[in-house]
Amino acid sequence: MEFLYEGLLSVTWQQVVMYLVGGLLIWLAIQKQYEPALLLPMGFGAILVNLPMSGVVDQITQGAGTTHGIIQWLFETGIEASEALPLLLFIGIGAMIDFGPLLASPKLFLFGAAAQVGIFLTIIAAAAFGFDIVDAAAIGIIGAADGPTSLLVSQVLGSKYVGAIAVAAYSYMALVPIIQPFAIKLVTTKKERAMKMPYAAGQVSRRTRILFPIVVSIVAGLVAPASVSLVGFLMFGNLIRECGVLDSLSKTAQHELANLVTLLLGITISFSMRAEQFVTPDTLLILCLGLVAFTLDTVGGVLFAKILNLFCKNKVNPMVGAAGISAFPMSARVVEKLGVEADKTNHLLMHAAGANVAGQIASVVAGGVILGFFL
């Protein structure tokens, strides 16, 4: 009873705030089913690391003194020292992605590139708000709409806001079905959203599917060498999928590997959500800048599609540009839903999926460019 009383007295108001943050993430995961595999372990971990004298951070062992607790050890080993967990997750993500719609319509690559504009505009905005340029670059990468990329880049750059950046990136990924419709409707009319696009399913050969991840890795390595670990692991996962001789490994990467790493990554990130680091005015500002980055990505993709339509004979529904962010497949589903909402016979899923997987590639290349420029 005495230990309980002392523990309660040692709880700070900042730690109470983190209990509420953890509870909110758990609620979003269970009640709203927003990225539950990530938000639930992040939320529970946020509570664990903010308990007074928490054993998951500092473990007191008889004869050995104070040693690193399990979550601190996972963070230092799997993220801080080697970035192993985010990179391993990219193998699973690559194995899940079908690049067929993109290869059938290569011009969709342009939308993946255009929808990264929010990253670089947010870097400028963060620097204008007084953040150190390296921290500003790490904050800007939230606009990649790719949690593992955001986490990896912020960690490699040595940002002191890794926790806030991770929470913003993963939370806004989960909230894409809420954020993107608002941003899209802000810059489109109902007539534009109802624009139909015929889909001619091009036949993509097996040889093309196999060569694609190899060529992309080589080109990305030559253009942005710092992106090789990001792009390379993503493309390696896709090569496992497409080679046709490693079906069991492909399924393992898509399911067991991706699920296990996601759970470990979620609870490991919580080490950087300790109250003394997280409950600051800067965290609130980073969350706001992250929302700005996501919105600018969406708006940038839509406006690029509108500009492209000025020069193209075959018009593109501007919403397809919004699907160029990396949040796969949520963004493609949002575009499909809004298209059907505007016209029940307007199906844009295949076009949007192509732009969406282009965004997967563009986001990791953008992360590599930032690493190459700011390291």
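Isoleucine 325 counts as buried because its relative accessibility is 1% (buried means under 20% relative accessible area, exposed over 50%, partly exposed in between, with a 1.4 Å probe and protein chains only). Isoleucine 325 sits in the loop between helix H19 (319-322) and H20; helices (H or I, at least four residues) and strands (E, at least two) are DSSP runs, numbered from the N terminus. Its C-alpha atom is separated by 6.7 Å from that of aspartate 297, 28 residues apart along the chain.

This is a predicted model, in which local features need pLDDT of at least 70 and side-chain atom pairs count only at pLDDT 80 or more, while totals for chains, interfaces and linings use all residues. Residues are numbered from 1 along each chain as its sequence is written, and side-chain values use heavy atoms, with hydrogens and water left out.

**Pockets**

- The largest pocket has a volume of about 710 Å³. A pocket is defined on a 1 Å grid over the protein atoms alone, as an open set of points with protein on both sides within 12 Å along at least five of seven lines, where a 1.4 Å probe fits; lining residues have an atom within 4 Å of a point. Grid points are joined across faces, edges and corners, and the volume is the space filled by probe spheres set on the points.
- The lining of the largest pocket numbers 30 residues, and Glu35, Met96, Phe328, Pro329 and Met330 lie nearest the centre. Two or more lining residues each come from helix H3 (36-48), helix H5 (84-96), helix H10 (147-156), helix H11 (162-174), helix H16 (247-269) and helix H20 (330-342).
- H16 gives the largest share of the lining of the largest pocket, five residues.
- By class, the lining of the largest pocket holds 19 nonpolar, eight polar and three charged residues (Ala, Val, Leu, Ile, Met, Phe, Trp, Tyr, Cys and Pro count as nonpolar, Asp, Glu, Lys and Arg as charged, and the others, Gly among them, as polar).
- The second largest pocket has a volume of about 270 Å³. It is lined by 16 residues, of which Val21, Leu24, Val167, Phe278 and Leu287 are the closest to its centre.
- Helix H2 (13-30), H11 and helix H18 (281-309) each give two or more residues to the lining of the second largest pocket. The largest share, six residues, is from H2.
- The lining of the second largest pocket has 13 nonpolar and three polar residues, and no charged residues.

**Salt bridges**

- Side chains of opposite charge can pair when their charged atoms come close. A salt bridge is taken here as a side-chain nitrogen of Lys or Arg within 4 Å of a carboxyl oxygen of Asp or Glu, and the count by this rule is seven.
- Arginine 209 pairs with aspartate 98 in a salt bridge, with the closest N and O atoms 2.7 Å apart. Arginine 209 is in helix H14 and aspartate 98 in the loop between H5 and helix H6 (100-104), so this pair ties together parts that are 111 residues apart in sequence.
- Both partners are partly exposed: arginine 209 has a relative accessible area of 22%, and aspartate 98 has one of 29%.
- Glutamate 242 also forms a salt bridge with arginine 209, at 3.4 Å between the closest N and O atoms. Glutamate 242 lies in helix H15 (residues 228-242) and arginine 209 in helix H14, and the pair links distant parts of the chain, 33 residues apart.
- Glutamate 242 is buried, because its relative accessible area is 12%.
- Aspartate 343 and lysine 196 meet in a salt bridge through their side chains (4.0 Å, N to O). Aspartate 343 is in the loop between H20 and helix H21 (349-374) and lysine 196 in the loop between helix H13 (190-193) and H14, so the pair ties together parts that are 147 residues apart in sequence.
- Aspartate 343 is partly exposed at 24% relative accessibility, and lysine 196 is partly exposed with a relative accessible area of 48%.

**Surface**

- Leu211, Ile214, Val215, Ile218, Val219, Leu222 and Val223 form a nonpolar surface patch, with about 660 Å² of accessible area together. Patches are made of residues with over 30% relative accessible area and no salt bridge, with like charges joined within 9 Å and nonpolar side chains (Val, Leu, Ile, Met, Phe, Trp, Tyr) within 5 Å. Accessible areas come from the Shrake-Rupley method with a 1.4 Å probe, and for residues only the protein chains shown count as cover.
- Within this patch, isoleucine 218 belongs to helix H14 (residues 206-223) and counts as partly exposed at 49% relative accessibility.
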